[in-house]
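Student: Could we walk through this protein together, step by step?
Tutor: Gladly! Have a look first, and then ask away.

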Amino acid sequence: KLIVNKEDTMNTKHFLLAGAGILTAFAMAAPASAQKSKDTLRVGFYQPVRLVDSYFQPGPEASLVTRMVFDFLVTYDPTNRKYLPGIAASWKRISPTTMEFKIKTDLKWSDGTALTMDDIEYTYKFAMDPKVKYRFKATRINWIKNFQRVDNTTFRINSKIPMAVMLAKMTNFPSIYPKHIHDKLAKKNEFGQKAIGSGPFKVASFESGKAITLVKNSSYKNIAFGKPEAQLNRVQIFPRPDEQSQVASLLTGQQDLMYNMDKDQALELASRDDIRVNVQDSVSFSYMMFDVKGRSGFKHFANPKVRRALMHAVNRKELRKLVHPEITRELGTVCHPWVQNCNWSVEPPKYDPALAKRLLAEAGLANGFEIPILTWGEARATAEAVAGQLRKIGIKASVNLQSFGGFIKTRRKGQPLLVTLWDNSVGQPDIDNTASYFYLPSSRNYNKDPELQALATKGRGIIDPKARAEVYKKLFDESTRRSYLMPLIPLPAIVAHHKDVKLLGGHKNPKGFEFNRVAWN
């Protein structure tokens, strides 16, 4: 009952044969039943959602909700790889630093109020206000010089520097908020407790960190192929922080869909007649990154030989077998080929443990050292496997597993070694998200290399695609040559669901589904 979407080469036969002999207590459970009769999809989240607010509650799981409740100016068709209207009906480039937009005039908020230019102007002024603090502001909005209202249907965005990626940015941020509600709040983070949006779903009920109920927004108009209307009437979301409790809920009919499971669990579920397991390639991948500048107080990674040694110690082929054997694609750099202007020519170091030991000895570390590996979420299995490989060359590695919030706080303080994941900002289409994430100034940048920062800045300002691609090739090649970070393995999207549930395509969400692209069979 395993469904494999062959966007890339996948070892389906191996995956199915490996599961044939697996017998667990779950196989004896009675057939589960979905809530198709009530038109209600029930889903468990690993991390609690404390606000339905894309500013003050970012994160991969929270975005599954916020992207359904709120809309952006522009949408993107990942199949045909082109930008489509969202709240904006049309646009044109005036200059390398200016784009002009026309908005639709027939849109409504889920409370029935008309969505107007006042809402868009208010949203941008709020998002750009220096007094308003939220995570990722530096890369999400600080590139904008000003918002220029032309008339009641027209506005311009002026950037501080030439920006080729304005449309790409607007497919992800900012979420447009209703002025008539948001502006009246003394504490803006209270909006996320009773959110009103213009997306395909609206919030029917919300208990911070506990439960969310979304219902179909009857005011929503099919904005674009990039974001179709809801197929389901209701979605119930609740926190189930571990994989085993989600499996138990799925098999006992208390949950209809789950995601982010390991390969063994997926195989067990695929043996059931009432469960389907959907495996698809995604833009997500795991990577290893070093504290080059010694922010954590750990100084050994200032030496490129030490960084290179650890890269040679990692057997990526073995990692794929251990963690996700169904994906055979090798990573050449820290981006997926589907992403616009993902370009490189220098391959990551090959597995060579003898060379790894020799480099450590040349660095005066023949006896190795102790080091924690910071990780979270579905990168955990990769981190544990990497720790085992590093121990083979004398490095006493341990794994520091955190929740998403804990990971962000710990990373900000500085850690010597990270094995974590990247999804190009929830599957955004342009490479600028990745380049900004790793190489522009922020707490996420662990190399602080001014030359690479300059390349990342230059790339986002070049309008010609071929010229842009050459800049990014130099950026990623130099990063590999300087051993700053290493791509490890692709992370496929694995979704298990009741047989009555149907996953619709047409997206690149790394979780493997979007609520408005789920229906009943």
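**Reading the model**

Student: Is Phe136 buried, exposed or partly exposed?
Tutor: Buried means under 20% relative accessible area, exposed over 50%, and partly exposed in between (1.4 Å probe, protein chains only). Phe136 has 21% relative accessibility, so Phe136 counts as partly exposed.

Tutor: A word on the source: this is a predicted model, where local features need pLDDT of at least 70, side-chain atom pairs count only at pLDDT 80 or more, and totals for chains, interfaces and linings use all residues. Residues are numbered from 1 along each chain as its sequence is written, and side-chain values use heavy atoms, with hydrogens and water left out.

Student: Where is Phe136?
Tutor: Helices (H or I, at least four residues) and strands (E, at least two) are DSSP runs, numbered from the N terminus. Phi of Phe136 is near 75°, a positive value in a residue other than glycine. Its place is the loop between helix 3 (117–128) and helix 4 (137–140).

Student: What is the relative accessibility of Asp39?
Tutor: Asp39 is in the loop between helix 1 (12–19) and strand 2 (40–45), with a positive phi near 50°. Asp39 counts as partly exposed, because its relative accessibility is 24%.

Student: Which residue does a cis peptide bond join to Phe173?
Tutor: Omega of this cis bond is about -5°.

Student: How many helices and strands does the chain have?
Tutor: Of the 521 residues of the chain, 60% count as buried. Its secondary structure comes to 17 helices and 21 strands.
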